[in-house]
Amino acid sequence: MKTRITELLGVEHPIVQGGMHFVGLAPLAGAVSEAGGLGIITALTTGSPEALAREIAKCRETTSKPFGVNLTFLPSVTPPDYPGYVRAIIEGGVKIVETAGNNPSQVLPVLKEHGVKVIHKCTSVRHALKAEAIGCDAVSVDGFECGGHPGEDDVPNMILLPRAAEELKIPMIASGGMADGRSLVAAMALGADGVNMGTRFLATKEAPVHDNVKQALIAASELDTRLVMRPLRNTERVLTNPAVERLLETERRLGAATTFADIAAEVAGVYPRVMVDGEVEAGAWSCGMVAGLIHDIPTVRELIERTMSQAETLIRRRLAGALEGEALTPA
């Protein structure tokens with residue numbers, strides 16, 4: 001399948017792996033790229049530019065195909081060594097960077113100078129247009145369904161994607177609610193050039209996380225996510241558990257007066273405990289509504305190949321058949 005995203009990134013399939021905290025490491029990124037998608041290493045998870053350089057080298061041992069690095073810009077009293085991370089990316093020969101969080105304009109000139117393609121994650125049309133205006137090569141548009149931070153506008157992809165497609169000239173990747181060939185075909189029909197799958201890749205054999213996490217995703221339905229940190233205007237969609245429900249009760253009780261300190265016990269330092277140690281009820285961890293569509297733990301290659309096969313069947317048979325007068329069958 002050829003789209004503007006496959007052409008831009010030099011990949012076989014228009015499928016990008018989300019840059020997930022404590023998940024986007026070489027074992028997963030390398031497997032996704034080797035299977036024809038675009039794997040993403042999450043820079044801040046590695047902890048330092050030197051560790052990122054080692055993770056990039058490790059990924060190169062598993063695939064000769066393109067992979068990218070996620071660099072998230074967060075407000076912080078002590079900011080990460082962003083220049084060091086950028087240097088590790090460039091010296092490691094990585095040619096694709098996914099930026100997220102704050103405006104990435106501080107790193108665009110040096111990345112562009114070294115031929116790096118930049119994809120910026122956005123949760124609104126206005127943010128996507130800003131990314132286009134400052135010179136990003138593509139955007140990843142996150143709908144309200146997504147795991148992690150969906151922004152504060154609460155617009156689902158059925159509306160957000162076609163609105164963004166109406167305004168943008170650069171390629172667009174659909175993120176949030178993406179799980180299979182149905183998602184891919186639907187996203188392309190709405191104007192996207194590819195999809196970003198986060199939660200779905202979390203439930204694969206190569207995802208370097210505890211099996212308890214994968215089993216929790218299989219057990220979850222589309223009704224089992226919650227939105228936390230809304231009073232802080234830092235909304236995050238997470239999988240529900242007792243700690244999350246306690247957090248929500250605190251937010252309901254304190255309302256607009258809620259501070260990060262009030263919920264820190266359920267948020268701070270949670271990811272190593274969940275992803276590494278398997279303490280899935282330790283606190284709030286990102287999960288998309290797409291959990292309701294996750295029923296197994298395939299290899300990355302199995303997931304990508306069946307996604308592409310299902311997409312082709314939908315396009316060539318179900319949708320083409322409808323144009324020829326055949327009744328639509330279940331997807």
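This section describes the strand order, helix packing and selected residues of a predicted model.

The model contains an open sheet of eight strands, arranged in the order 1-8-7-6-5-4-3-2 with parallel pairing. Strand 1 and strand 2 (39-42) form the edges, each pairing on one side only. On average, neighbouring strands of this sheet are turned by 30° against each other, direction ignored. At one end of the order, strand 2 pairs with strand 3 (residues 67-73) in the parallel sense over four bridges, and I41 stands opposite V69 of strand 3. Helix 8 (residues 157-167) packs on the sheet, where it touches strand 6 (138-142) and strand 7. The direction of helix 8 makes about 155° with that of strand 6.

Between strand 7 and strand 8 the chain passes through helix 9 (residues 181-189), giving a right-handed β-α-β crossover.

Both faces of strand 8 are covered. G194 and N196 are buried on one side, and V195 and M197 are buried on the other. For V195, the relative accessible area is 2%. Apart from neighbours within four places in sequence, the contacts of V195 are P14, I15, V16, I173, A174, M178, S183, L184 and A187. By contrast, V195 and D211 are separated by 16 residues in sequence and by 25 Å in space, C-alpha to C-alpha.

Helix 11 (residues 211-219) has V213, K214, A216 and L217 as its buried residues. Viewed down the helix axis, these buried residues fall within an arc of 160°, so they line one face of helix 11. They pack against helix 10 (199-202), strand 10 (236-239) and helix 14 (270-276).

A further packing arrangement involves helix 12 (residues 242-254) and helix 13 (residues 260-267), whose axes come within 9 Å and cross at roughly 170°. Angles over 145 degrees count as roughly antiparallel, and helix 12 and helix 13 are therefore roughly antiparallel to each other. The contact involves A243, R246, L247, T250, E251 and L254 on the side of helix 12, which meet D262, I263, E266 and V267 of helix 13.

Most residues other than glycine have a negative phi. F22, a residue other than glycine, has a positive phi near 65° and is placed in the loop between strand 1 and helix 2 (26-34). With a relative accessible area of 21%, F22 is partly exposed. R233, also a residue other than glycine, has a positive phi near 55°; its place is in the loop between strand 9 (225-228) and strand 10. R233 counts as exposed, at 62% relative accessibility.

Key
Residues are numbered from 1 along each chain as its sequence is written. This is a predicted model: local features need pLDDT of at least 70, side-chain atom pairs count only at pLDDT 80 or more; totals for chains, interfaces and linings use all residues. Side-chain values use heavy atoms; hydrogens and water are left out. Buried means under 20% relative accessible area, exposed over 50%, partly exposed in between (1.4 Å probe, protein chains only). Helices (H or I, at least four residues) and strands (E, at least two) are DSSP runs, numbered from the N terminus. The arc is that of the directions from the helix axis to the C-beta atoms. Contact means heavy atoms within 4.5 Å. A crossover is right-handed if, with the strands pointing away from the viewer, the path from the first strand over the helix to the second runs clockwise. Two strands pair if DSSP finds at least two bridges between them. Axes are lines fitted to C-alpha atoms, for helices over the stretch in contact, and angles run from 0 to 180 degrees between N-to-C directions. Angles under 35 degrees count as roughly parallel, over 145 as roughly antiparallel, 65 to 115 as roughly perpendicular and the rest as oblique.
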